[in-house]
Amino acid sequence: MGQDSRTVTLSSTNQPSRSSSMLIGVGILWLLLAVALIIYQLVIPGRVEITWETATEQRTAGFNIYRSSEPIQGFVLINEDQLIGSQGGSVFGARYSYFDDNVEAGKTYYYLLEEVEFDGTKNRYDDELFQHTVPGITWWAVILTVASAAAGAVLLISGLKEKREA
């Protein structure tokens, strides 16, 4: 009987593992998400939603909304292009919302509602002033940005550390 001889050669290479490359890649993606969130907050303008509800709308053709940066004077019509049409009736009201996209972050705005009747009569509701301060940076964006940056940094550092040890 002959002897069977086998030779096994083990070799070691210092190539980075796939997991370290994956950690680095995912870490970079999380950091890019954080940067995108910051850019979103700086580029996308603020928006104010004005909502109101009516009980009935007898002879109502529609509504106008006025905005000012002061609570008493300087109100300017913001829906110049079109009257907000009436959706209610003589025995029922309706819910409305209008978006003001022409606002600046960090500023406070005051809004007044005006009802316009079919005969042209206008009823301005000065006693129902709506006030809104447009946030500079929203809380959810801050939380998501911090979480994304932290996750990205941890993954990137872990991947680089693993790559160095390989």
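**View 1. K107 and its contacts.** Leaving aside neighbours within four places in sequence, K107 is in contact with H132, T133 and V134; contact means heavy atoms within 4.5 Å. This is a predicted model: local features need pLDDT of at least 70, side-chain atom pairs count only at pLDDT 80 or more, and totals for chains, interfaces and linings use all residues. Residues are numbered from 1 along each chain as its sequence is written, and side-chain values use heavy atoms, with hydrogens and water left out. K107 lies in the loop between β5 (95-103) and β6 (108-117). K107 counts as partly exposed because its relative accessibility is 35%. The cut-offs are under 20% relative accessible area for buried, over 50% for exposed, and partly exposed in between (1.4 Å probe, protein chains only). G136 is 29 residues from K107 in sequence, yet 8.3 Å away in space, C-alpha to C-alpha.

View 2. Helix α1 covers residues 18-43, 26 residues in total. Helices (H or I, at least four residues) and strands (E, at least two) are DSSP runs, numbered from the N terminus. From first C-alpha to last, α1 reaches 37 Å, close to the 38 Å expected at 1.5 Å a residue. Its buried residues are S20, I24, G27, A34, L37 and Q41. Their cover includes α2 (139-165).

**View 3. L42 on helix α1.** L42 sits in helix α1. L42 is exposed, because its relative accessible area is 66%.

Notes: Expected span 1.5 Å × (residues − 1).
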